[in-house]
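Subject: Structure handover and notes

Hello,

Please find the structure below. My notes on it follow.

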Amino acid sequence: MLYGAVSMGNIWQFAVLDTEKKRIIQDTNLYRVPTDLLELLQIIVGILEA
């Protein structure tokens, strides 16, 4: 699994590349800074721990 993020400054979105199944899974949620900062940091820490 390869994780990716796209940031437009104050808006973030995530996706995962599943190399075995050759597909991309895109998170449809948009995370806004500073409104969703806690959730955004939890996602980033989760990716780094994986």
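Where is P34 found? P34 is in the loop between β4 (31-32) and α1; helices (H or I, at least four residues) and strands (E, at least two) are DSSP runs, numbered from the N terminus. The peptide bond leading from V33 to P34 is cis, with omega near 5°.

Before the rest, the conventions. This is a predicted model, in which local features need pLDDT of at least 70 and side-chain atom pairs count only at pLDDT 80 or more, while totals for chains, interfaces and linings use all residues. Residues are numbered from 1 along each chain as its sequence is written, and side-chain values use heavy atoms, with hydrogens and water left out.

Overall picture

The protein chain has 1 helix and 4 strands, in the order β-β-β-β-α from the N terminus. Its C-alpha atoms fill a box of roughly 35 × 20 × 15 Å along the principal axes. Of the 50 residues, 14% count as buried; buried means under 20% relative accessible area, exposed over 50%, and partly exposed in between (1.4 Å probe, protein chains only). The chain exposes about 4000 Å², and carbon and sulfur atoms supply 59% of that area. Accessible areas come from the Shrake-Rupley method with a 1.4 Å probe, and for residues only the protein chains shown count as cover. Among contacts in the chain with a separation of 6 or more, 14% are between residues 24 or more positions apart; a contact means heavy atoms within 4.5 Å.

Strand pairing

Two strands are taken as paired if DSSP finds at least two bridges between them. Strand β1 (residues 2-7) pairs with β2 in the antiparallel sense over 6 bridges, and Y3 has V16 as its bridge partner in β2. The hairpin of β1 and β2 has 3 residues between the strands, and G9 takes a positive phi near 95° there.

β2 and β3 also run antiparallel, joined by 4 bridges. On this side V16 has I25 as its bridge partner in β3, and D18 stands opposite R23. β2 pairs with β4 as well, antiparallel and over 2 bridges, with W12 opposite Y31.

The β2-β3 hairpin has 4 residues between its strands. K22 is in the loop there and has a phi near 55°, a positive value in a residue other than glycine. Most residues other than glycine have a negative phi, and most peptide bonds are trans. K22 counts as exposed because its relative accessibility is 74%.

Individual residues

Is Q13 buried or exposed? Q13, in strand β2 (residues 11-18), counts as buried because its relative accessibility is 18%. Its side chain reaches the backbone oxygen of D27 at 2.8 Å, a polar contact (a pair of N or O atoms within 3.5 Å; within protein, one must be able to donate a hydrogen and the other to accept it, and residues adjacent in sequence count only if both atoms are side-chain atoms). Not counting residues up to four places away in sequence, Q13 touches G4, A5, V6, Q26, D27, T28, N29 and L30.

R23 is in strand β3 and counts as partly exposed, at 42% relative accessibility. Leaving aside neighbours within four places in sequence, R23 is in contact with V16, L17 and D18. R23 and V33 are 10 residues apart in sequence, and their C-alpha atoms are 28 Å apart.

Together with L2 and L17, I24 forms a nonpolar surface patch with about 300 Å² of accessible area. Patches are made of residues with over 30% relative accessible area and no salt bridge; like charges are joined within 9 Å, and nonpolar side chains (Val, Leu, Ile, Met, Phe, Trp, Tyr) within 5 Å. A salt bridge is a side-chain nitrogen of Lys or Arg within 4 Å of a carboxyl oxygen of Asp or Glu.

Finally, the helix. L38 is found in α1 (residues 37-49) and counts as exposed, at 62% relative accessibility. L38 and T28 are 10 residues apart along the chain, with their C-alpha atoms separated by 18 Å.

Regards
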